[in-house]
Amino acid sequence: MRTYPVQRARVLSCAVAGVLLLGTAAPAGAHHAFAAEFDGKAPVQLRGKVTKVEWINPHAWIHMLAEIPGKPPQPWMVEGGTPNTLLRAGIDRNSLKPGEVIIVRGYQSKDKLCEPACKANGRDVTLENGQKLFMGSSGTGAPRDGSDPNEPPQK
């Protein structure tokens, strides 16, 4: 069967379009709404030492050892907003240092498995000096609790 230049061009353009569509699907699926992973009815308040901060897209992560009365320190991973959102809120990659004691208010993940660490979505973090910083992301479906300074007032 003989192919013609017009047919080859159509096949090639369809193949290129398919590759481009596949390439854009993964990043779009990586970002999630709050309700997809976290439980708005399971608030947590964690106090403990920062062990690591991951300043990555689509969300920054604070790793900490939470102090739970009567139990050994428990590892938690606390999701924050995007690095850009955190920068606008006054948090940068040097704001939280390993060993620093913080208090985080947020919401636990739906799975509650705690393997390899418990997970939460952080709303705000209070530093040792009492300074409170908003660390959640707006418009993701997290409960409206007044923590977000950019959130419109409830009607």
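**Confidence.** I am working from a predicted model, so I looked up the pLDDT before anything else. The chain has a mean of 78, with 67% of its residues at 70 or more. I found the lowest confidence in helix H1 (residues 5-30), where the mean is 47, and the highest in strand S2 (residues 61-66), at 96. Over residues 14-31 the pLDDT is below 50, and I note that this stretch has three contacts in the model beyond near neighbours in sequence.

**Fold.** I counted three helices and six strands, which run along the sequence as α-α-β-β-β-α-β-β-β. Of the 155 residues, 35% are buried, and the chain exposes about 9,800 Å², of which carbon and sulfur atoms supply 59%.

**Salt bridges.** I looked up the salt bridges next and found three.

Lys 112 pairs with Asp 39, with the closest N and O atoms 3.2 Å apart. Lys 112 sits in the loop between strands S4 and S5 and Asp 39 in strand S1, so this pair ties together parts 73 residues apart in sequence.

Arg 47 and Glu 67 form a salt bridge at 2.7 Å, N to O. Because Arg 47 lies in strand S1 and Glu 67 in the loop between S2 and S3, the pair links parts that are 20 residues apart in sequence. Arg 47 is partly exposed at 42% relative accessible area, and Glu 67 is partly exposed at 39%.

Arg 105 and Asp 124 meet at 2.6 Å, N to O, the former in strand S4 and the latter in strand S5. I noted that Arg 105 is partly exposed at 30% relative accessibility, whereas Asp 124, at 3%, counts as buried.

Conventions:
Residues numbered from 1 in each chain as written. Predicted model: local features only at pLDDT ≥ 70, side-chain atom pairs only at ≥ 80, totals over all residues. Heavy atoms only, no water. pLDDT = per-residue confidence, 0-100. Helix = DSSP H or I, 4+ residues; strand = E, 2+ residues; numbered from the N terminus. Contact = heavy atoms within 4.5 Å. Buried < 20%, exposed > 50% of the residue type's maximum accessible area, 1.4 Å probe, protein only. Areas by Shrake-Rupley, 256 points an atom, 1.4 Å probe, with all protein chains shown as cover. Salt bridge = Lys/Arg side-chain N within 4 Å of Asp/Glu carboxyl O.
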